[in-house]
Amino acid sequence: MSFEVAIERLLTHEGGLTLDSKDRGNWTSGVIGVGKLRGTKYGVSAMSYPTVDIARLTIDQAKAIYRRDCWDAVKGDELPPAVAFQAFDVAVNHGTDQAVRWLQRAAGVADDGVFGSVTLGAIKCACAADLILKFNSERLLFYTNLSTFGTFGKGWVRRVA
């Protein structure tokens, strides 16, 4: 899977500007009511990018951020296609450290957050379907333990599905 295919798929889940004050991702501090409510656009959040002018963010700027900070960080170009998209989507939603750790757990290697040759080798040797099932299990368990699952959980679970 190429970055171009992955980003187009990802953007079907990410919309325009949202300013939900109950979503901590929309606040520059990551804490509801603290900092500035700048929102999220194309999935790029004020919490993760507090200095970015979210309201004026262009699609091309969002794509550049995603390429640099998410796709390249999870070695998307080197992963099996289905695994690449899942890892990329998690890197966007939960950060690259979480994406790497969940990949490592799914592949049966130490979840140290370092995406090196051992991790990549284990992923490439694994059955992609089994790896994705284990990976998404980690993701769903994570979601259900969040205090905001009652508010946002339905949408999160739909995204994984």
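A nonpolar core is a set of buried Ala, Val, Leu, Ile, Met, Phe, Trp, Tyr and Cys residues joined through side-chain atoms within 4.5 Å. The close-up views below are taken from a predicted model.

**View 1. The largest nonpolar core of the predicted model.** This core comprises 41 residues, and those with the most contacts inside it are Val44, Tyr66, Leu79, Phe88, Leu103, Phe115 and Ile123. At least two core residues come from each of helix 1 (3–11), helix 2 (59–71), helix 3 (81–94), helix 4 (96–107), helix 5 (117–125) and helix 6 (128–144). Helix 3 gives the most, with eight residues.

**View 2. Surroundings of valine 44.** With neighbours within four places in sequence left aside, Val44 is in contact with Gly39, Tyr49, Ile54, Leu57, Ala62, Ile65 and Tyr66. Val44 and Tyr66 are both among the core residues with the most contacts inside the core.

**View 3. Packing of helix 1 against helix 2.** The two helix axes come within 11 Å and cross at roughly 115°, and the crossing is right-handed. From helix 1, Phe3, Glu4, Ala6, Ile7, Glu8, Leu10 and Leu11 meet Ile59, Lys63, Tyr66, Arg67 and Trp71 of helix 2. Of the residues in this contact, eight are nonpolar and four are charged, while none is polar.

**View 4. Cysteines of the predicted model.** Zero disulfides are found in a search of the whole structure. Cysteine 125 is in no disulfide, and the nearest cysteine sulfur, that of cysteine 127, lies 12 Å away. Cysteine 125 is exposed, with a relative accessible area of 72%, whereas cysteine 70 counts as buried because its relative accessibility is 5%, under the 20% limit.

Technical notes:
Residues numbered from 1 in each chain as written. Predicted model: local features only at pLDDT ≥ 70, side-chain atom pairs only at ≥ 80, totals over all residues. Heavy atoms only, no water. Buried < 20%, exposed > 50% of the residue type's maximum accessible area, 1.4 Å probe, protein only. Helix = DSSP H or I, 4+ residues; strand = E, 2+ residues; numbered from the N terminus. Contact = heavy atoms within 4.5 Å. Axes fitted to C-alpha atoms, helices over the stretch in contact; angles between N-to-C directions. Left-handed = near helix turned anticlockwise from the far one by under 90°. Nonpolar A, V, L, I, M, F, W, Y, C, P; charged D, E, K, R; others polar. Disulfide = S-S within 2.5 Å.
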